Structures are given as structure tokens and as C-alpha cells.
There are 4 protein chains.
Amino acid sequence: MKPLGVGLIGTGYMGKCHALAWNAVKTVFGDVERPRLVHLAEANPDLARSRASEFGFEKWTADWHELIADPEIDVVSVTTPNQFHAPMAIAALEAGKHVWCEKPMAPTFADAERMLAAAKASGKAAIMGYNYIQNPVMRHIKTLLSEGAIGTVNHVRVEMDEDFMADPEVFFYWKSEIAAGYGALDDFAVHPLSLLWFLFGHVEAVINDMVKPYADRPLKEGGRRAVENHDGANVLMRLGGGISGVLMANRAAWGRKGRIALQIYGSQGSILYDQERMNEFELYQAGGRDTEAGFRRVLAAPAHAPYDRFIPAPGHGLGFNDLKIIECREVIRAISGEPSSAIDFTDGLRIERTVHAMARSFSERRWVEVEG
Amino acid sequence: MKPLGVGLIGTGYMGKCHALAWNAVKTVFGDVERPRLVHLAEANPDLARSRASEFGFEKWTADWHELIADPEIDVVSVTTPNQFHAPMAIAALEAGKHVWCEKPMAPTFADAERMLAAAKASGKAAIMGYNYIQNPVMRHIKTLLSEGAIGTVNHVRVEMDEDFMADPEVFFYWKSEIAAGYGALDDFAVHPLSLLWFLFGHVEAVINDMVKPYADRPLKEGGRRAVENHDGANVLMRLGGGISGVLMANRAAWGRKGRIALQIYGSQGSILYDQERMNEFELYQAGGRDTEAGFRRVLAAPAHAPYDRFIPAPGHGLGFNDLKIIECREVIRAISGEPSSAIDFTDGLRIERTVHAMARSFSERRWVEVEG
Amino acid sequence: MKPLGVGLIGTGYMGKCHALAWNAVKTVFGDVERPRLVHLAEANPDLARSRASEFGFEKWTADWHELIADPEIDVVSVTTPNQFHAPMAIAALEAGKHVWCEKPMAPTFADAERMLAAAKASGKAAIMGYNYIQNPVMRHIKTLLSEGAIGTVNHVRVEMDEDFMADPEVFFYWKSEIAAGYGALDDFAVHPLSLLWFLFGHVEAVINDMVKPYADRPLKEGGRRAVENHDGANVLMRLGGGISGVLMANRAAWGRKGRIALQIYGSQGSILYDQERMNEFELYQAGGRDTEAGFRRVLAAPAHAPYDRFIPAPGHGLGFNDLKIIECREVIRAISGEPSSAIDFTDGLRIERTVHAMARSFSERRWVEVEG
Amino acid sequence: MKPLGVGLIGTGYMGKCHALAWNAVKTVFGDVERPRLVHLAEANPDLARSRASEFGFEKWTADWHELIADPEIDVVSVTTPNQFHAPMAIAALEAGKHVWCEKPMAPTFADAERMLAAAKASGKAAIMGYNYIQNPVMRHIKTLLSEGAIGTVNHVRVEMDEDFMADPEVFFYWKSEIAAGYGALDDFAVHPLSLLWFLFGHVEAVINDMVKPYADRPLKEGGRRAVENHDGANVLMRLGGGISGVLMANRAAWGRKGRIALQIYGSQGSILYDQERMNEFELYQAGGRDTEAGFRRVLAAPAHAPYDRFIPAPGHGLGFNDLKIIECREVIRAISGEPSSAIDFTDGLRIERTVHAMARSFSERRWVEVEG
């Protein structure tokens with residue numbers, strides 16, 4: 001079987017992360033063909049050449065259209081800034097390539113809809129780069145839920161917090177422009193929503209209150225400029241099956257570095273998780289004596305597949321980049337027409353629809369139902 | 001100076017807790033007169049007699065009116081079920097006694113208003129038994145906020161969770177009747193609200209979504225009965241000074257035993273607290289090198305007054321009942337006309353007004369402003 | 001039945017702690033007579049008078065012999081500095097009083113032996129004030145061990161660390177004199193040894209290496225003085241039943257405030273405990289699926305008797321001083337001739353014999369068997 | 001510059017881990033040539049062929065001598081069982097190859113000495129695979145120590161615990177044979193010793209007490225066989241600079257999965273670390289107000305180089321396998337004659353000498369000085 005020809009557009013952190021995954025997926029999993037890293041595109045030609053060398057790609061180009069036209073390429077990793085996702089993904093799909101695109105889909109919902117339409121028309125695999133759902137610990141939480149380990153879930157809380165916007169004296173930059181989106185809502189909420197989708201399905205109704213901790217920020221050139229969007233969002237939600245939810249997202253939360261904290265409450269127990277300690281979760285199960293009732297802290301272990309493909313001993317820990325390798329395996333599965341746990345453009349669009357519903361609920365100060 | 005004559009109505013857990021506090025306050029603090037434990041009232045005469053002996057009261061009665069009429073009594077601890085608070089507190093105030101009443105004020109807002117009116121008319125100290133604010137750790141958090149240790153606060157989250165209603169097969173009892181109130185909202189929300197009041201002042205606007213995890217519960221006599229109120233409540237809030245808040249209360253949260261988890265985010269740092277580990281808090285302060293940035297876990301210490309009145313060494317830990325001793329000292333302060341950190345009927349009523357606004361916001365599915 | 005007449009010698013922290021316990025024991029437990037706080041002795045007459053008032057004692061004296069001669073007194077709490085324990089306890093026992101003496105027994109082993117001899121001759125209850133064993137959580141750990149919850153124990157580690165001597169610029173004071181004892185060994189090791197005794201029985205053999213982090217300390221009057229004893233001790237131990245143990249004690253361990261960390265390993269599981277979080281323990285039990293294997297964090301609860309005598313709800317937490325109230329109940333039990341979990345002078349002496357064996361093992365750089 | 005030709009002997013977990021590192025080192029670090037994965041050796045020819053394909057090697061052989069004779073190879077990764085390390089490493093060095101050998105060096109000290117002699121004779125880089133020291137967090141701890149962030153270190157404790165031998169009914173296998181070594185001492189102690197060496201230099205004197213929790217274990221064929229070595233070891237140590245240490249190693253510690261817990265106490269602060277949470281450490285620094293004194297939990301961040309080569313945001317976490325990539329970069333540095341933090345055969349031998357001194361101290365029940 002011919003090895004999968006890979007093209008990569010974009011060489012920032014996510015480009016590197018895709019490159020690492022394409023390099024490692026065969027060594028880790030064994031059960032796939034080693035992909036061929038064919039072509040790398042990056043607008044800056046010097047950077048394109050050096051990154052092609054670093055990341056192990058055979059060819060490079062400063063014009064991504066060349067990459068998409070390359071007949072040796074089967075799948076395109078799109079890791080550029082958000083506004084380029086739609087044109088690149090659509091062009092790739094129209095050229096008959098599979099697409100693995102970093103989230104979110106696009107700044108406007110219309111563009112995201114066009115991406116899905118292109119995916120449907122192409123018949124190719126079109127996958128969004130949601131990696132948190134690929135954590136073996138998260139997968140096991142899903143297994144526990146489906147086994148009824150905590151009974152019927154009735155309530156869930158999820159918090160996503162970082163602090164890169166926490167300093168009021170951080171210079172105004174594009175993230176504070178309304179053109180970049182609603183703020184924490186676009187930036188962050190898609191991640192918790194991907195986890196909620198993975199574990200419970202889609203959100204049905206929302207009411208959102210957004211937070212603008214700082215009215216303005218300093219400009220590098222002096223003076224200050226008004227902040228145009230919101231660094232925090234707090235959302236009450238209703239999910240399917242009568243589950244009530246609360247989602248809190250904040251990129252101005254001092255001390256939080258990569259927090260995605262999940263609390264899941266069911267009729268027979270509870271589950272806790274925090275991305276900052278991604279190699280563990282906590283489980284409380286009803287029953288037994290009161291004298292030993294408590295949350296059990298479980299460390300990631302080979303029994304949580306596919307942790308075993310990385311390490312044969314428990315408690316040694318996967319890293320953030322390893323999640324992209326697992327995701328890469330799921331992308332290959334989708335390309336091969338096998339069942340895959342990756343999030344495709346259909347579900348990706350539904351997540352973004354939820355974000356837009358949240359934004360509307362804030363501006364209209366009322367509960368909003370999410371369509372679809 | 002004549003020692004303070006104390007009457008106690010009610011001999012449940014809170015009655016015992018008040019008795020322990022009245023017994024210990026002089027030994028702990030030294031700077032007050034030893035109160036005289038004069039009279040104990042309890043409807044069951046056998047229980048009244050035995051509890052008077054256990055708790056160290058000189059006299060007992062099965063008729064609380066006798067206690068209130070007792071001229072040797074200066075202050076009355078009201079620790080009976082909620083529906084008795086209003087008649088007892090009002091009678092005591094009208095008899096010219098100071099009152100220390102367990103929270104909440106009363107099942108109906110009208111009764112709570114009558115209590116405040118009686119307090120105002122009497123000119124006596126009328127104190128609500130909110131003990132969590134008396135934790136030396138909580139007091140120090142307030143000090144840190146006032147010192148600007150985390151800059152200007154812009155966001156706060158508070159969760160109060162226990163699991164005594166988490167089992168769907170817990171028999172239906174009065175807590176699930178609508179006559180007992182809204183559910184978690186009355187039962188729990190007043191506690192976090194007392195902390196928010198203590199730290200930030202009152203809540204200005206709310207939108208609340210309530211949760212009924214189980215539609216019905218078994219009856220002891222067989223069959224099942226529909227649950228009439230809500231075991232969970234999730235509330236978006238606006239506090240003064242532009243602070244956004246989220247309050248989550250749940251008495252059906254498996255694994256949570258006495259959780260009141262507070263997250264406070266400011267422009268220069270963050271503070272975390274959890275009542276289940278009431279002898280510590282966490283502090284993050286901006287500044288310094290990125291290589292050592294982190295939350296600092298601080299153990300309760302003598303420097304957090306009045307911890308030093310209990311223990312001269314750090315890290316040894318106060319207990320839940322000790323908070324009532326500290327509160328007792330504040331009650332005596334209020335009686336003596338000194339500045340006191342206890343919550344009086346005026347602020348107590350404002351807290352309950354907030355609860356009722358939350359309930360209305362749920363039934364009307366909209367944001368509600370809290371008056372006053 | 002005549003109430004127990006109590007005398008208290010010493011009004012430092014432990015004096016206050018005993019006073020609180022004698023004041024509260026009846027209210028908490030209900031099932032004893034309320035003790036009568038008769039007589040307080042304190043060398044400074046002004047302090048004696050004011051403390052008698054604060055602590056609720058009827059009489060006071062600046063001469064402790066008067067207190068011991070007082071016929072209204074049945075039991076004497078000895079809470080003075082260590083060098084006074086032997087004369088006071090022996091005099092009290094010889095006067096036919098029960099004795100509740102703070103640990104350790106005495107600076108010299110000979111004095112401790114005389115204390116035990118006096119106790120045996122008197123036939124009275126002679127109890128050492130080891131309070132950590134009275135924690136309901138610790139009692140439950142003992143129950144778990146006896147139930148075989150973690151199988152047969154084969155290894156135990158205990159660390160006791162504080163930081164009051166951690167600063168090299170702490171002024172030289174009596175704690176650094178050899179006359180005050182070996183250092184951390186006397187100061188701290190008795191506490192972990194009381195826990196080991198409570199859970200496993202006595203230590204059989206030891207080898208100890210002591211640590212002197214700072215050769216000298218500043219004098220208030222200028223200059224520096226050589227430190228004469230050791231702020232740290234590390235001990236390998238053999239306990240009965242083939243259990244291997246490690247004991248580490250350090251009073252110069254920055255950041256540790258009241259740490260007594262216990263790790264117990266058995267053939268079917270493990271138990272962890274830390275005094276800094278005295279209202280919880282962790283339990284790991286073998287068996288079950290690897291996917292949910294983990295330490296369970298258990299919060300103190302009413303099911304851990306006698307926590308229920310203090311608080312009827314789990315997760316609310318006892319304080320350090322509450323342990324002395326529980327111990328007081330055990331002292332009364334011992335006085336009444338009932339089975340008591342308190343440590344009497346016989347076991348107390350055995351603990352001190354172990355400390356002295358540790359010291360010898362250090363000076364002789366070899367393993368030493370503990371007699372008895 | 002010609003790319004580095006890599007040979008790999010052994011295809012177990014460590015073989016895979018080396019393969020992943022050789023595959024990723026260029027993509028992660030950028031500043032090296034992409035190594036050429038030339039030749040893989042594995043005794044089983046079918047496995048050799050499939051692993052060569054999976055791991056990305058060009059050639060394979062069932063005879064490792066062929067690999068060593070291959071002129072295209074510059075460096076040989078030795079990842080076979082311990083008894084093969086000496087012959088393979090020595091042959092490779094004698095053939096003029098650089099060697100990267102997994103720890104420990106060899107079951108006998110004589111063989112380890114021969115390895116060092118071969119390394120010295122060859123003039124080639126000869127590196128031991130100690131990966132824990134390569135954790136960016138551990139590197140930063142070393143930086144903090146050298147900066148005096150916690151003053152002068154006076155005491156250190158290290159515990160390494162797992163539970164794969166904790167079940168007394170684990171079948172007897174080679175790990176319990178004396179031929180496999182002393183037990184936990186060989187298996188585990190080298191890891192903590194590598195950390196101690198990295199942070200403080202070598203251990204000077206030891207006294208060790210070993211633990212055999214289970215006298216025998218079941219045989220698969222029925223019956224039981226006596227365990228010949230010790231699953232636990234407890235060691236008192238003296239390090240240079242007057243530092244006292246305690247090392248505890250236990251492979252029968254239920255609930256511990258990959259624990260390497262380090263406590264470092266200095267004159268101005270303390271540092272804590274646990275390998276089970278390898279992306280964080282805790283720092284306590286003296287000074288400041290008592291009211292905010294506490295351990296600060298610091299999450300791994302780009303500022304802890306070379307974390308930034310993997311992820312540009314803090315709190316996202318490296319994995320265990322990432323440490324081998326960092327180590328690989330250090331191996332390349334050593335090969336290039338640059339300063340390298342990897343442990344070479346000289347220091348590797350010193351670590352093993354310490355292990356043997358510990359064993360002797362146990363059998364002779366006395367303190368033993370470590371030579372060299």
C-alpha cells in the first residue's frame with residue numbers, strides 16, 4: 001500500500017505539533033503505514049526551507065496553492081491563523097485531498113458552513129484538530145460514563161482558564177479586536193464544548209454573561225485603546241437528557257495556565273478532571289461504607305488505551321503533544337474509512353453554532369436554543 | 001460587670017454548637033466576661049433536662065416563652081427549625097433580649113422582614129449565625145483583598161456542594177417539599193452569599209437555572225412521591241464594582257461533603273479557598289519570574305487572628321465548631337456596642353432578598369435585579 | 001456521683017488546651033459528669049489570678065504544692081515545662097491524685113522511671129498527653145488495620161517536620177542547649193512514636209543519624225554560640241511483625257508547619273495521612289480493575305467516632321484542640337477504671353526508652369535494640 | 001555535515017523510546033542534523049523486520065554484531081536486558097562507535113568497570129540513559145539551587161516507589177532471583193541516585209536496611225519459591241557539603257505507580273517534586289509575611305528550557321517519552337564534544353558503586369563509605 005502523502009501548511013506551534021505527530025504515528029502505533037512527509041508550505045520562503053528541513057518534509061513552497069496542487073499529497077494539515085482555514089481547507093477538499101484543520105473552523109459562521117459544504121461535496125475526510133478528547137484518560141471517562149459507573153449524569157461543570165490576558169498592562173493586540181471574535185468565547189469555549197460533545201453530545205440551550213475585566217489596554221505606541229471583546233464568559237446550559245451545565249471560560253484568570261476542569265455529577269457517583277494534570281482523574285462511586293467514602297485519584301495507565309502504545313507502565317505520564325499523535329491515528333482511521341473518534345466538520349460546525357448561540361444570548365440577555 | 005445571662009432555645013446540632021461556644025468563649029479569648037448559662041428551652045421536657053445538664057445550663061424549660069420571660073437572661077440563642085425563628089426571635093427582641101439566631105431568618109420573606117422590624121424597634125443586637133465568615137483564613141482573605149494583594153477583583157466563582165441528597169433512593173422527606181423552600185437555593189446559597197457579602201458586598205443582579213436531578217423519591221410507606229423543589233441551582237451574578245460571579249449550589253453532588261469552593265480573580269492575582277480544607281487557602285500574585293509563578297498554599301497560622309487565641313503554632317488547624325466560638329465573640333462585641341463582623345438582621349435580610357430574587361429569575365427565566 | 005475535681009498546673013498553651021477540654025468534655029460527650037474546675041496553679045500570682053478567671057477555675061495559687069494538697073482535687077493536669085513534670089506528677093500521685101501529664105515525661109530517663117514507679121505505687125490513673133492518637137481519623141486507620149483492610153503491614157514511614165528552627169538566624173535559646181535534650185529527637189520523635197505504638201506496638205531496633213544544619217546561632221547580646229544538639233534526626237527502624245520503618249524528624253524544615261506524614265504499606269493496600277490535613281486520610285486497596293486503581297481521599301465523617309459527638313455532617317472538620325477534648329474523655333475513662341485508649345506512664349516510658357535508644361545508636365553509629 | 005548514523009539494539013519499551021527520540025529530536029530542537037536511522041538489531045528476525053519498519057530504520061539484523069560492524073553507523077543505542085549491556089557497549093566502543101546505553105550498566109560491578117575502561121580507551125561518547133534528570137522542571141530545580149533560591153541545602157529525602165511487586169501472589173519471576181541483583185536497590189535506587197548526583201554530586205557514606213515483604217512467591221507450575229532479594233531498601237546517607245539524606249526505594253508499595261518524590265531542605269527554603277506529577281514542583285522561600293507563607297506549586301512552562309522547544313504555553317505538560325528526546329539532544333551534544341548534561345560512564349559507574357556500597361552496608365549492618 002502506498003504511504004500516505006502529507007502536506008503541511010503553517011509552521012507555528014500547531015504546525016510543529018502536526019509534524020511531530022506525522023513523524024511519530026507509525027513508531028507509536030505500529031499498525032499504520034509510515035506517512036511520507038512530502039510538502040510544507042509557509043509564506044516566508046526562508047522559514048519554509050528551514051522548517052521543511054526541521055520537520056522532515058521533502059519539499060517546501062512559499063505558495064500554499066502549489067502544495068495543494070501537488071499530486072503526491074493525499075492529506076493536508078492546515079495549521080495557519082484562523083482566517084486562512086476556510087480558503088485552504090476548501091481548496092484542498094476541492095483538489096480531492098483529505099483535510100486535518102486546526103480549530104476553530106473560521107471567524108465567521110458562513111465560512112464555517114462553506115467548509116462543511118466543501119467537505120460533503122468532496123467525500124473526503126475532513127477533520128478538526130480537537131486533541132483534548134484524545135487523552136486516554138478522557139476516553140476512559142467516556143467509557144466509565146457508558147458503563148454507568150456513576151449512574152445517570154445530571155449535572156456538569158466545566159471551566160477553562162488561562163492567564164495570558166490577565167495582566168491589564170498587556171499591550172493591546174489583535175486578540176482584543178472584535179474582528180478576532182467574541183473573546184474567550186471563541187478562543188476557549190470550543191475546547192470544553194468538544195469535551196462536552198465527546199461525553200454527552202451537543203448543547204441544547206444557553207444563557208451567557210460575558211466579562212470584560214479591563215476596559216482598555218495600553219498601545220505600544222503610547223496611549224490606550226478600548227478592548228472590543230470579552231476575556232471571560234460564563235454560561236448556563238442545558239444538554240440532552242436533562243443534564244444541566246455551567247461553562248466558565250476566562251483568559252484573564254491569574255495563575256491558571258492550561259486549566260480545563262471538569263466536574264461530572266451522576267446518580268451513582270462523580271468524576272473530576274483537570275487538564276493541568278492531564279494524567280489523572282478522580283472518581284467517586286456511591287456505595288460501600290461511609291468510613292471509606294472518597295474520591296479516588298487514578299493515574300493514567302496502560303489499561304487506559306492507547307496509553308499502552310506510548311508507555312507500558314502506569315503513572316509515567318503522557319504529554320500534551322502525545323495527544324496529537326493519538327489524534328493523528330484517528331485522522332488516518334477516518335481517511336481509511338474506519339470508525340474514528342476525531343471530530344469531523346459536521347460536528348465541528350455544531351460546536352461553532354453553539355458558540356454563536358452563546359454570543360447571541362449575551363447580546364440579547366436571554367436564553368437561546370441551539371439549532372441543529 | 002454583670003456576666004451576660006444566656007438562654008438557648010433548641011438542642012440539636014446548632015444548639016450544641018452554641019452551647020460549646022458560650023462555654024469556651026472566655027477561655028479562648030480571655031478579654032470578655034465568662035457568660036452565665038442560665039436557661040435552656042426544648043419542647044421535650046426529658047430532653048430539656050438532660051441537655052441543660054450536658055450543656056451546663058442552670059435551668060431548663062419545655063416552654064420557650066418562660067425562657068424569654070426570664071429576667072436573668074440578656075441574650076437568646078435561637079437554634080430551632082427555621083419556621084420557629086421568626087416567632088422566637090421577635091418575642092425575644094420584644095422582651096428586650098439580644099438575639100443570636102441561626103440562619104436562614106425564616107421560610108417566608110415577610111417573616112424575615114418582621115424580624116428585622118422587631119430588631120430595629122428593640123435597639124438590641126440581632127445577629128444571624130453565619131459562621132463561615134469567621135474563619136481566620138476567610139478574614140485574612142478579606143484583608144488581602146482590602147490591601148490590594150490581588151489588585152481589583154473582576155470575577156468570582158463559588159460552589160457549595162454536598163451529597164446528602166445525591167442518592168435517588170433517599171426517602172422523600174420534608175427537605176423535598178416546596179413548603180421547605182426552593183431546595184438548594186435556601187439550604188445552601190445563603191452560605192456562599194454570606195461569604196460574597198463579607199468580601200465584596202451585596203449581589204446586584206442574577207439569573208438562575210435550577211436543577212432537579214430526580215423527579216421523585218421513594219416513600220417509606222411504599223410508592224414514590226414527586227420531588228417539589230430543586231436540589232441544585234446555578235446562578236450568574238453581577239456584584240458591585242463590575243464583578244461578575246457564578247454561584248453553583250448542589251446538595252446532590254456525590255463525593256462533596258462540606259464543600260464551599262471560592263475562586264477570586266483580580267487584576268494582580270487570584271485567591272482560592274475550599275471549606276473542606278478550611279485551614280488553608282491559595283494565593284497567586286502576579287509579578288516575579290515566570291519560572292517560579294504559582295499558587296502558594298498557605299496554612300492557617302497565628303498571624304491570621306484570632307487563630308492565635310486557639311493555637312500558638314501554625315499548621316495545627318481549627319475545627320468547624322471553633323468558628324462558632326469566634327462568632328460568639330463577635331456577638332458579644334455587637335451586644336457591647338463595639339464594631340462587630342457578625343451579620344446582623346439588616347444584612348441577613350439582604351442575603352435572603354437575593355435568594356428570593358434568584359428564585360424569581362428561575363421561574364421567569366430572565367435576569368432579575370436585587371433590590372436594596 | 002460527685003463531680004471530678006480538677007487541678008491545673010501551668011497556663012501556657014497546653015494549660016489553656018487542658019482548660020478548654022475540661023470545660024467542653026461534658027457538653028461534647030454528654031455521658032460523663034461535668035468536671036468541677038477547682039484549682040489553678042501558676043508561679044506568677046497575677047497570671048494565676050487572671051488565668052483562673054479566664055479558664056473558669058474557682059481558686060488559684062502561685063504555689064503548686066497547695067493545689068496538690070487540696071482535698072477537693074481528684075485529678076491534676078500537669079502542663080508546665082518538661083523539667084517540672086517529674087516532681088509535680090510524683091507529688092500528685094503520692095497525694096493520691098490522678099495525673100494527666102503533658103509529654104514528654106522528663107528530660108532524663110531516670111526521672112521518667114521514677115514517674116512510672118510513683119504511678120504504680122499510687123494505683124492512680126497516670127496518663128501522658130498524647131493527643132494525635134485521639135484523632136477520629138487515626139482511630140479509624142487503626143480499625144482498618146485490624147480489619148485487614150490493607151492486609152499485613154510490612155513497611156511504614158513517618159515524617160514529622162516543622163520550621164520554627166529553620167532560620168539560621170533564629171537567636172540561640174534553650175532549645176539548642178544539650179540540657180534540653182537531643183533536639184528534634186526529644187522534641188518531635190515522641191509524637192510519631194506515639195502513633196506507631198498506637199497502630200503497631202513498640203519499636204524493636206533502631207539506627208539513627210542526626211542532623212545539625214547550623215553549627216551556631218546568633219546571640220541576642222551579639223556574637224554567636226555553638227548549637228549543642230540536632231535539629232533533625234533520621235532513623236531506620238524495625239518494628240514487631242517484621243515491619244520495617246523509617247522515621248524522619250526535622251524542626252528546621254522550611255515550609256512544614258505541623259506535618260506528621262504517615263505512609264503505611266501492606267500486602268493488600270496502603271494508607272496515607274498528614275497531620276497538616278488532619279481531617280482526611282488516603283486509602284489504596286488492591287483489587288478491582290487497573291483502570292480505576294487509585295488512592296481514595298476520605299474526609300473525616302460522623303462514621304469515624306467520636307467525630308459524631310462534635311459534628312453530625314461529614315467534611316466539616318475537627319480542630320487540633322478538639323483532640324484534647326477526646327483525650328480528656330479517655331482520661332476520665334482511665335480514672336473510672338474503664339478501658340481507655342490514652343497512653344499511660346508504662347507505655348509512655350517505653351516511648352522514651354525508644355528515644356534514648358535512638359540517641360545511643362547515633363553516638364555509637366550502630367543499630368541498637370530497644371529493651372522492654 | 002553528514003547525518004549521524006544510528007543503530008538500535010533491542011526493541012522493547014526502551015528501544016521504542018530511543019526510536020521515538022531519534023525520530024523527533026530534529027523536529028523538536030531544530031538545531032541538529034536529522035539523524036539517519038540506519039540499522040536495527042533484534043534476536044528474533046521476524047520482530048527485527050517489523051520493528052525496523054515501525055521505528056523507521058533502513059536495515060535490520062538478528063545478529064547485533066552485524067550492526068556494530070556497519071560502517072554507516074556512528075552511534076549505537078543499547079536497550080537490551082541488563083546482562084547484554086557490557087558485551088554490546090564494549091564491542092560498539094571498540095568498533096569506534098559512540099554508545100547510548102540504558103541504565104544500569106551491568107549486573108556485576110566488574111563488568112561495569114570494563115565498560116568504563118572501554119569508553120576511556122575509545123575516546124567516544126559513552127552515555128547512560130538517565131532520563132529523569134532531563135526534565136525541564138528538574139533542570140530548573142538545579143538552577144534554583146545554584147542561584148541559592150533556598151540557601152544552603154542541608155537535608156534531602158528521596159522516595160522511589162512502585163507497586164508491580166506489591167501483590168504477594170505475583171508469580172515468582174527473574175526479578176526475585178539474587179542473580180538479578182539486590183532487588184529494589186538495583187532496580188530503583190539508581191534513579192534517585194542520578195537525581196542526587198545531578199543536584200548535589202555523589203553520595204559519600206550510607207547505611208541501608210532492606211525489606212523483604214514476602215518470604216516466597218507462587219510458581220506458575222504450582223508450589224512456592226523463596227524470594228531471594230529485597231523489594232524495599234531504606235538508606236541513611238551523607239552527601240557532600242554536610243547534607244544528610246534519606247533514600248527509600250520500594251517496588252511493593254501499593255498505589256505508587258511511578259513515584260520519585262524529592263524533598264530538599266535548605267537554609268532559606270525548600271523544594272518538593274514528585275515524578276508522578278512531573279510537570280510541576282513546589283517551592284517554599286523564607287521571608288515575607290507569615291500570613292502568606294506557603295509552598296508555591298509551579299507548573300512547567302516555556303521559561304523552563306527546553307520545555308519551550310515542545311510547547312510555547314505553560315501548564316500543558318510534557319510526557320515521560322519527551323524526556324528521552326531531551327536526553328537524545330544531550331547525547332548528540334556529547335558526541336559533538338559540546339558540554340552535555342547527560343551522565344557518562346564515569347559518573348554512571350560512580351552511581352553503581354554507591355549501590356554496591358549500600359548492599360554491603362546492609363549485609364554488614366554498618367555505615368559504609370563510598371569510594372571514589
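Q: How much area is buried between chain B and chain A, and what makes it count as buried?
A: About 3,500 Å² is buried between chain B and chain A, and carbon and sulfur atoms give 52% of this. Buried area is the accessible area (1.4 Å probe) that two parts lose on being put together, summed over both. The model is a predicted one, in which local features need pLDDT of at least 70, side-chain atom pairs count only at pLDDT 80 or more, and totals for chains, interfaces and linings use all residues. Residues are numbered from 1 along each chain as its sequence is written, chains are lettered from A and ligands numbered from 1 in the order in which they are written, and side-chain values use heavy atoms, with hydrogens and water left out.

Q: How many residues of chain B and chain A are in contact, and by what criterion?
A: Contact means heavy atoms within 4.5 Å. By that criterion 46 residues of chain B are in contact with 46 residues of chain A.

Q: Why is the pair Asp161(A) and Arg157(B) called a salt bridge?
A: A salt bridge requires a side-chain nitrogen of Lys or Arg within 4 Å of a carboxyl oxygen of Asp or Glu. The closest N and O atoms of Asp161(A) and Arg157(B) are 2.8 Å apart, so the pair meets the definition. Across the interface of chain B and chain A the rule finds 8 salt bridges.

Q: What makes a residue pair between chain B and chain A a polar contact, and how many are there?
A: A polar contact is a pair of N or O atoms within 3.5 Å; within protein, one must be able to donate a hydrogen and the other to accept it, and residues adjacent in sequence count only if both atoms are side-chain atoms. Between chain B and chain A the count is 22 residue pairs, both residues being at pLDDT 80 or more.

Q: What rotation and shift superpose chain B on chain A?
A: A rotation of 180° with 0.0 Å of shift along its axis does so, with an RMSD of 0.0 Å. Arg366(B) has the C-alpha nearest the axis in chain B, 3.2 Å from it. The same surface serves both copies, as 100% of the contact residues of chain B recur in chain A.

Q: Why are chain D and chain A described as related by a two-fold rotation axis?
A: Superposition is by least squares on the C-alpha atoms of residues with pLDDT of at least 70 in both copies. Chain D can be laid on chain A by a turn of 180° and a shift of 0.0 Å along the axis, with an RMSD of 0.0 Å. The two copies are therefore related as by a two-fold rotation axis. Gly319(D) is the residue of chain D that comes closest to this axis, at 1.8 Å (C-alpha).

Q: What polar links does the interface of chain D and chain A hold?
A: The rule finds 2 salt bridges across this interface. Arg277(A) forms a salt bridge with Glu280(D), with the closest N and O atoms 2.6 Å apart.

Q: What makes the contact between domain 1 and domain 2 of chain A, and how many salt bridges does it have?
A: The domain bounds, from an automatic or database domain assignment, are 5–132 for domain 1 and 135–314 + 344–369 for domain 2. Their C-alpha centres are 26 Å apart. The contact takes 25 residues from domain 1 of chain A and 20 residues from domain 2 of chain A. These domains bury about 2,000 Å² between them, 70% of it on carbon and sulfur atoms. Phe109(A), Tyr130(A) and Tyr132(A) supply 41% of the area that domain 1 buries against domain 2, more than any other three residues. The count of salt bridges between the two domains is 0.

Q: Which residues touch the most other members of the largest nonpolar core, and what makes it a core?
A: A nonpolar core is a set of buried (under 20% relative accessible area, 1.4 Å probe, protein chains only; exposed is over 50%, partly exposed in between) Ala, Val, Leu, Ile, Met, Phe, Trp, Tyr and Cys residues joined through side-chain atoms within 4.5 Å. Of its 241 residues, Ile264(A), Phe345(A), Ile264(D) and Phe345(D) touch the most other members.
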